[in-house]
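Have a look at the structure first, then read on.

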Amino acid sequence: MDGIIVINKEKDYTSHDVVAIVKKTLKEKAGHTGTLDPNATGVLPLLIGKGTKLSKYLIEHDKTYKATLKLGISTTTGDITGDVVKTQEIKENEITEDLINTVLESFKR
């Protein structure tokens, strides 16, 4: 089997977990084109067999993410799984598009 399979990755699975399941099930070489955080759900394209040679054409494309934010807390991990280390009251009138964009930018690597 050669080609691309699009998986709807569920929460609590790593991209590596999904690849391992597919490899074991199909008994074929497999890889993914970009890591999704275990907390993330969504599209995870997997390359199967000779399809793995396509990775260099697929990895550097733009991706779109949808996020839910909880403003006013900081955690040890920078996400909802960590321990809360700081809280700050944020009034509704303080929430601006600039603030949201600043928060989102802080998550980019």
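Phe 107 is partly exposed, with a relative accessible area of 48% (buried means under 20% relative accessible area, exposed over 50%, partly exposed in between, with a 1.4 Å probe and protein chains only). This is a predicted model, in which local features need pLDDT of at least 70 and side-chain atom pairs count only at pLDDT 80 or more, while totals for chains, interfaces and linings use all residues. Residues are numbered from 1 along each chain as its sequence is written, and side-chain values use heavy atoms, leaving out hydrogens and water.

Phe 107 sits in the segment after H3. Its C-alpha atom is separated by 8.1 Å from that of Gly 78, 29 residues apart along the chain. Leaving aside residues up to four places away in sequence, Thr 52 touches Lys 29, Ala 30, Gly 31 and Leu 47 (contact means heavy atoms within 4.5 Å).

Stepping back, the protein has three helices and five strands, running β-α-β-β-α-β-β-α from the N terminus on. These are DSSP runs, helices being H or I of at least four residues and strands E of at least two, numbered from the N terminus. Some overall values follow.

| Property of the protein | Value |
|---|---|
| C-alpha span along principal axes | about 55 × 25 × 20 Å |
| Residues that count as buried | 18% of 109 residues |
| Contacts (separation of 6 or more) between residues 24 or more positions apart | 54% |

The radius of gyration is 18 Å, whereas a compact globule of 109 residues would have one near 13 Å (taken over C-alpha atoms; the globule rule is 2.2 Å times the number of residues to the power 0.38).

The largest pocket has a volume of about 2200 Å³. Of its 43 lining residues, the closest to the centre are Asp 37, Tyr 65, Ala 67, Leu 104 and Phe 107. A pocket here is an open set of points on a 1 Å grid over the protein atoms alone, where a 1.4 Å probe fits, with protein on both sides within 12 Å along at least five of seven lines; lining residues have an atom within 4 Å of a point. Grid points are joined across faces, edges and corners, and the volume is the space filled by probe spheres set on them. H3 gives the largest share of the lining, five residues.
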